[in-house]
Each structure stands twice: as C-alpha cells, then as structure tokens.
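The sequence and the coordinates come first, and the description follows.

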Amino acid sequence: MSSKSEMNPVRAIRTFPSFPIALVVVGKEEKNVITVSLVHTFSFHPPLLGIGISPCRYSHELLHRSPDFTVNLPCKELVEETLFCGEKSGKEVDKLEETGLTAVPGTRVGTPTLKECPVSFECRKVQNFDTGDHTWFIGEIIAAHVADGYDRERALIYWAGEFRTIGELIRGR
Ligand SMILES: Cc1cc2nc3c(=O)[nH]c(=O)nc-3n(C[C@H](O)[C@H](O)[C@H](O)COP(=O)(O)O)c2cc1C
C-alpha cells in the first residue's frame with residue numbers, strides 16, 4: 001500500500017466505489033423520470049428501497065406530493081436515455097416523449113413502470129428524511145417485475161462520472 005495523502009472530505013467522498021443506477025418514475029398524470037445513483041436497499045424484510053433526491057430537482061416536488069414511485073433498473077443499452085433523464089429537467093421537457101421510454105401502468109401503485117428496463121419495483125412511500133443536501137424517500141416494494149433471463153452483467157452502474165457494467169468476479173462467498 002502506497003502512502004496516503006489527506007484529501008478534502010467533500011472531494012474524497014467521490015472515491016467511494018460504484019453506485020447503482022436507477023430510472024425513478026414519479027407521478028401519474030404529471031409524471032417524470034429522473035436518473036438516480038443514490039439508491040440503496042434499506043431493509044430486506046420488509047423490502048425497502050431508498051432514493052436520495054436533491055431538493056432542487058423537479059422530481060423532489062413530485063415525490064413529496066405522490067404516495068408512490070417506481071424504481072427501474074436500466075441495462076447498458078439504455079445509457080443514452082439514462083444520461084438524458086439525468087441532464088434534463090421534467091420542468092422543461094417531457095422525458096418520456098423525448099427518450100421514447102414507455103410508461104406501463106403500475107399493477108399496485110399509481111405511478112407507471114418503464115417497459116424497456118429489465119427490472120422494475122413498485123414502491124409505496126413510507127417515510128422521508130433530510131440528510132445534508134438530499135432528501136431520502138423510502139419506499140416499500142409492493143410489486144416487482146423482473147425480465148425472464150435477466151442478465152445482471154448488462155446492468156448499468158456509475159462511478160466518478162463513468163457509466164460501467166460490473167467487472168471481474170473475484171470469488172463467490
Ligand atoms: C448518472 C447520474 C446520477 C444522478 N444521480 C442523482 C441522484 O442520486 N440524486 C439526485 O437528486 N440527482 C441525481 N442526478 C441528477 C438528476 O438526475 C438531474 O438533475 C435531473 O435532470 C433532474 O431531473 P428533474 O428536474 O426532472 O427532477 C443524477 C444525474 C446523473 C447523470
């Protein structure tokens with residue numbers, strides 16, 4: 001191990017290894033898609049997912065108003081659509097129309113899922129709390145849809161400004 005230099009914590013936190021990537025849909029009539037890398041499992045039983053959303057996002061306002069949201073996992077073929085939904089605001093453009101992503105009515109929630117994503121979770125909002133510069137919206141997964149033969153090698157991940165897929169397998173556990 002080479003020697004370590006002190007780094008500003010605000011910069012150093014960016015070295016934290018890879019984040020998953022999700023396309024989060026929120027809203028029913030006024031619906032929007034936002035790209036989110038702050039997405040995490042908060043509990044297995046019950047199954048809870050959390051998404052960290054900055055208060056300056058249009059989606060933040062919609063998430064406060066909506067009782068539910070959906071978390072959709074894009075595959076690598078959707079990288080351009082994923083970037084688009086992470087760079088444009090639903091306040092200015094209809095991201096579903098612009099990307100061609102297809103909204104499919106939720107089976108258990110009012111918010112649609114995305115047809116093109118191989119995995120979709122329908123979440124009912126159970127709580128939210130503020131942490132620094134993000135609000136965490138926690139949702140209980142009440143329905144999940146997984147493509148037959150789902151290939152996790154094609155799942156998109158994100159680290160330090162780069163979209164990737166998972167790498168080398170070191171060992172099983
Ligand atoms: C790869 C990537 C990951 C992102 N992750 C987050 C995130 O976790 N939380 C967040 O609030 N914004 C995140 N963003 C930024 C929003 O997706 C972006 O500001 C978006 O345009 C907001 O859309 P809205 O205004 O329609 O809500 C991310 C953007 C990209 C490209």
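## Core, sheet and ligand shell

In this predicted model, the largest nonpolar core has 27 residues, and those that touch the most other members are Ala22, Leu23, Val24, Val25, Ile51, Phe69 and Val71. At least two residues of this core come from each of β2, β3, β5, α2, β6 and β9 (119-131). The largest contribution is that of β2, with five residues. For Ala22, leaving out residues up to four places away in sequence, the residues touched are Val36, Val39, Val71, Asn72 and Leu73.

Strand β3 is mostly covered, with five of its five residues buried. The burial applies to both faces: Asn32, Ile34 and Val36 lie on one side, and Val33 and Thr35 on the other. β2 and β3 run antiparallel and are joined by five bridges. One of the residues in bridge pairs is Val26, whose partner in β3 is Asn32. The two strands β2 and β3 form a hairpin with five residues between them, and in its turn Gly27 has a positive phi of about 100°.

Helix α2 spans residues 58-65, and its buried residues are Ser59, Leu62 and Leu63. These residues are on the same side of α2 because they cover an arc of only 100° around the axis. What do the buried residues of α2 pack against? They pack against the strands β2 (22-26), β3 (32-36), β5 (48-53), β6 (68-73) and β10 (134-146).

The ligand is surrounded by 20 residues, of which the closest are Leu38, Ser59, Gly86, Ser89 and Gly90. β3, β5 and α2 are the elements that give two or more residues to this shell. The most come from β3, which gives four residues. The make-up of the shell by class is seven nonpolar, nine polar and four charged residues.

A further group of strands forms an open sheet of three, in the order β1-β11-β12, with antiparallel pairing. β1 (19-20) and β12 (162-164) each have a single partner strand and stand at the edges, so one side of each is left without a neighbour in the sheet. Strand β11, residues 157-159, is joined to β12 by three bridges, and these two strands run antiparallel. Across this pair, Tyr158 stands opposite Phe163 in β12.

Two loops hold backbone features of their own. In the loop between β4 (39-43) and β5 lies Pro46, which a cis peptide bond joins to His45. In the loop between β11 and β12 lies Ala160, a residue other than glycine with a positive phi. Is Ala160 buried or exposed? Ala160 counts as exposed, because it has 11 C-beta neighbours inside 10 Å.

| Residue or bond | Angle | Value |
|---|---|---|
| His45 and Pro46 | omega | about 0° |
| Ala160 | phi | near 50° |

Terms used. Residues numbered from 1 in each chain as written. Predicted model: local features only at pLDDT ≥ 70, side-chain atom pairs only at ≥ 80, totals over all residues. Buried ≥ 20, exposed ≤ 12 C-beta atoms within 10 Å, placed from the backbone. Arc of directions from axis to C-beta. Contact = placed C-beta atoms within 7 Å. Pairing = 2+ DSSP bridges. Near = placed C-beta within 6 Å. Nonpolar A, V, L, I, M, F, W, Y, C, P; charged D, E, K, R; others polar. Core = buried A, V, L, I, M, F, W, Y, C linked by C-beta atoms within 7 Å.
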